[in-house]
Amino acid sequence: MTIRASLPRRAVAELVGTAGLLVVVIGSGIRSADLSRDTGVALVANSLASAIGLGLIITLFGPLSGAHLNPVVTLASWWARRRGGDGLAGREALVYTAAQTAGAIAGAVLAEVMFGHIPGAFSTQVRGGSHLLLGEVVATAGLVLVIRGLERIGRAGMIPAAVAAYIGSAIWFTSSGSFANPAGTIGRAFSDSFTGIAPQSLPGFVAAQLLGGALGLALAALLYGGTGRGAERGPEDGAGRHTGRRIARGRRKTAVDPQSLSAVDHTGATSPTYETAS
């Protein structure tokens with residue numbers, strides 16, 4: 001089932017979805033640290049919970065807002081539209097980003113309160129060093145490449161599972177622990193826990209994430225080419241938005257029942273794609 005959603009409804013979905021993601025990430029971090037003094041064991045529990053929770057959130061909110069949950073993914077969508085593809089307009093991207101940031105902060109505070117911590121305390125976990133920033137560049141570039149790559153090869157339905165799997169593994173293979181999300185990074189500054197990050201570390205991490213996002217877009221364009229419009233679009237609605245499935249070149253266009261599609265695109269029209277991030 002798909003849902004045609006106005007921008008305010010989509011913004012609420014991004015806020016609630018990002019808040020839920022931060023509750024999962026921070027809450028599982030607090031719980032795992034409470035149950036085990038072994039950092040490795042705690043990280044295993046945190047990464048598994050984060051990956052599973054992320055996949056479920058994408059699946060739930062993807063048909064409503066696209067489940068970006070991440071300003072880098074939103075900016076990538078905006079850039080795709082500027083290059084002639086499908087994506088968000090500038091105003092929509094700003095609304096999404098604001099909703100994601102507010103949701104991340106709310107989710108962090110909720111997780112803290114849920115575990116009996118006093119809300120409002122900033123993290124004291126300083127995360128500095130060029131090697132950690134390089135880790136964030138790699139983590140974010142890989143995330144954008146996974147999303148854009150799957151869209152370009154016509155495997156958008158795999159994005160929820162693929163993104164969850166990628167983030168779960170990137171928590172381990174990157175030096176930074178794969179924050180890969182500016183809104184989520186800001187939210188984690190409001191939790192002095194296993195998964196937190198001190199406010200003074202935010203500028204470097206966010207800058208690295210934005211650089212990684214740009215690198216991911218460049219890699220996707222280099223590997224898959226164009227703007228992702230190598231397929232025909234379906235019929236448009238009255239506002240000029242495309243409501244049908246994309247149909248491969250060389251095949252006859254046919255009308256598609258919007259109720260049969262699996263997601264909404266970034267303008268609120270139905271589409272079979274998802275976009276997200278941790």
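Guide: Start with one term: a contact means heavy atoms within 4.5 Å. In this protein, take the contacts with a separation of 6 or more; residues 24 or more positions apart account for 75% of them.

Visitor: Where does the model come from, and how do you count?

Guide: This is a predicted model, so local features need pLDDT of at least 70 and side-chain atom pairs count only at pLDDT 80 or more, while totals for chains, interfaces and linings use all residues. Residues are numbered from 1 along each chain as its sequence is written, and side-chain values use heavy atoms, with hydrogens and water left out.

Visitor: How many helices and strands are there?

Guide: The protein has eight helices and four strands. Both are DSSP runs, numbered from the N terminus: helices are H or I with at least four residues, strands are E with at least two. Along the sequence the pattern is α-α-α-α-α-α-α-α-β-β-β-β.

Visitor: How much of the protein is buried?

Guide: Buried residues make up 52% of the 278 residues. Buried means under 20% relative accessible area, exposed means over 50%, and partly exposed lies in between (1.4 Å probe, protein chains only).

Visitor: Which residues touch the most others in the largest nonpolar core?

Guide: Leu54, Leu143, Val163 and Ile167 do, out of 24 residues in that core. Helices H1 (7-35), H2 (39-65), H5 (130-152) and H6 (159-173) each give two or more residues to this core. H6 gives the largest share, six residues. There is also a second, separate core of 14 residues, including Ile26 and Phe205.

Visitor: What counts as a nonpolar core?

Guide: It is a set of buried Ala, Val, Leu, Ile, Met, Phe, Trp, Tyr and Cys residues joined through side-chain atoms within 4.5 Å. In soluble globular proteins, nonpolar side chains tend to be buried together.

Visitor: New topic. At what angle do H3 and H4 pack?

Guide: Helix H3 (residues 71-82) and helix H4 (residues 90-114) pack at about 175°, with axes 9 Å apart. Axes are lines fitted to C-alpha atoms, for helices over the stretch in contact, and angles run from 0 to 180 degrees between N-to-C directions. H3 and H4 are therefore roughly antiparallel. The cut-offs: under 35 degrees is roughly parallel, over 145 roughly antiparallel, 65 to 115 roughly perpendicular, and the rest oblique.

Visitor: Which residues make that contact?

Guide: Among them are Trp78 and Arg81 of H3, and Tyr96 and Gln100 of H4.

Visitor: How many aromatic pairs are there?

Guide: There are four aromatic pairs. Rings of Phe, Tyr and Trp (its six-membered ring) pair if their centres lie within 6.5 Å; planes under 30 degrees apart are stacked, over 60 edge-to-face, and the rest tilted. Phe122 and Phe190 form a tilted pair, 5.1 Å centre to centre with 50° between the planes. Phe122 lies in the loop between H4 and H5, 68 residues from Phe190.
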